[in-house]
Amino acid sequence: MKTSLVILKNSVGGFPQLLDEVESILTPHFYSALNTDNINVVEALYVQYEELVVPLLKIEDNKVFIFYCSSQHSSYYNYIFDIMMDAQSRGAILIPSLDHLKSHENKFYQELYKARLTIPTPKSWLLGSIEDIAYLVRSGLDFPVIAKLPQGFGSKTVSKINSLEDLLDYSRTHLTPTVKPRKNIFKYKKSLKKYKDKYPTNTGSIVLQEFIPQQTHDWKVLVIGNKVFSLKRYTRDNDFRASGSGNFSGDELPSLELVDFAYNVKQKLKTPWVSMDIIESPRGYLIIEYQCIHFGPYTVTSSKQHYLLEDNSWRLVKAPAIYEEELATSLISTIRGESSELAVK
Ligand SMILES: Nc1ncnc2c1ncn2[C@@H]1O[C@H](COP(=O)(O)OP(=O)(O)O)[C@@H](O)[C@H]1O
Ligand SMILES: [Mg+2]
């Protein structure tokens, strides 16, 4: 059995995963850590998928891994998703997996996926239209709750909802009306009447979440391979939200319990790397959000120390790390782990 690694780049040849959307991780550091003995490496642009990648996927006895990037622009993301879905259907092993691409900037899907993998999360309710609210309230939804949209960062769409009226307001603001408002009020009211009670009037995706009170901070934890990097992020004054506060510290060490928790979640997600937002609750640690693709690497690039899993225990390494090198190393060890004929070497 042969093994190929396709590195799929965007159409200007970049592979964004650094802090800036336009920077590429494909630096000399990346390539020097990429030990590709016995692996056929093919670099291709997305636009060359049918020309260069599909033929590889047709070769018998050839295991094809695809390392690819995503985009935070939804129009480009949709294009990438369609291609990666096709590649998976043709037998490619995607790194990260298609579920992780689906989870990118999608807190809605993340809740479904966390539940499927039994990853600890605040209790959540998923809402698809304003009409769903009545059902959720009848079946025990209690206030306050946290509301958030699938996409967004820096706490921008995250709100504390204290009452039914607040929730209706949040939904009216963030869901899309199915009947387009018209200048002619008479015609508009007529079409509203026609649809009412037959079709949902405001649709979209909202995540409602049990409010975990008394948070002074959360933890941004990046696990790459067997290394754990963390950043303690304090909440803003008089605000429960930590993400986007700009008030964080990489000097404070997480407990080993938290390090274990983060590593176990990474194992459950079956991913070589993951970025997570973690908070503490009376029920233990909970995953607020995770990203396995296109996450900010600041936690690693700014780190002066990290935990390394060695002989089943955690060793504190007091040294900076090179992000691209860490990605390349764990990418290759994932491929070797999956290709046992190579792992024997
Ligand atoms: N269910 C919750 N209970 C309490 N605090 C929460 C909850 N969900 C999010 N937060 C707080 O809000 C911040 C932003 O939430 P998050 O879902 O990570 O959105 P964003 O993508 O904008 O960072 C988190 O860093 C956390 O401090
Ligand atoms: Mg977050």
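Predicted model: local features only at pLDDT ≥ 70, side-chain atom pairs only at ≥ 80, totals over all residues.

**Burial and overall build**

I began with burial: 32% of the 345 residues in the chain are buried (20 or more other C-beta atoms within 10 Å of a residue's own; exposed is 12 or fewer, partly exposed in between, with C-beta atoms placed from the backbone). Residues are numbered from 1 along each chain as its sequence is written, and chains are lettered from A and ligands numbered from 1 in the order in which they are written.

I looked up secondary structure and got 12 helices and 16 strands (DSSP runs numbered from the N terminus: H or I of at least four residues, E of at least two). The C-alpha box is roughly 70 × 50 × 35 Å along the principal axes.

**Domains and cores**

The domain assignment (automatic or from a database) gives domain 1 (2-95), domain 2 (107-112 + 214-328) and domain 3 (124-210). I checked the C-alpha centres of domain 1 and domain 3, which lie 38 Å apart.

Next I went for the largest nonpolar core, which has 52 residues (buried Ala, Val, Leu, Ile, Met, Phe, Trp, Tyr and Cys joined through C-beta atoms within 7 Å). I66, V221, V223, A262, M276 and I278 touch the most other members. Helix α11 (residues 323-338) gives the most to this core, with 6 residues. Domain 1 (2-95) and domain 2 (107-112 + 214-328) both contribute, so this core lies between them. A second, separate core has 12 residues, including F108, L127, L167 and Y170.

**Ligand 1**

Which residues are closest to ligand 1? Q209, I212, R241, A242 and S243 are, out of 24 that surround ligand 1 (C-beta atom, placed from the backbone, within 6 Å). The shell divides into 9 nonpolar, 7 polar and 8 charged residues (Ala, Val, Leu, Ile, Met, Phe, Trp, Tyr, Cys and Pro are nonpolar; Asp, Glu, Lys and Arg are charged; the others, Gly among them, are polar). Strands β6 (145-148), β9 (202-210) and β14 (284-291) each supply at least two shell residues. By domain, the shell draws at least three residues from each of domain 2 and domain 3.

After α8 comes D197, whose phi is positive, near 65 degrees.
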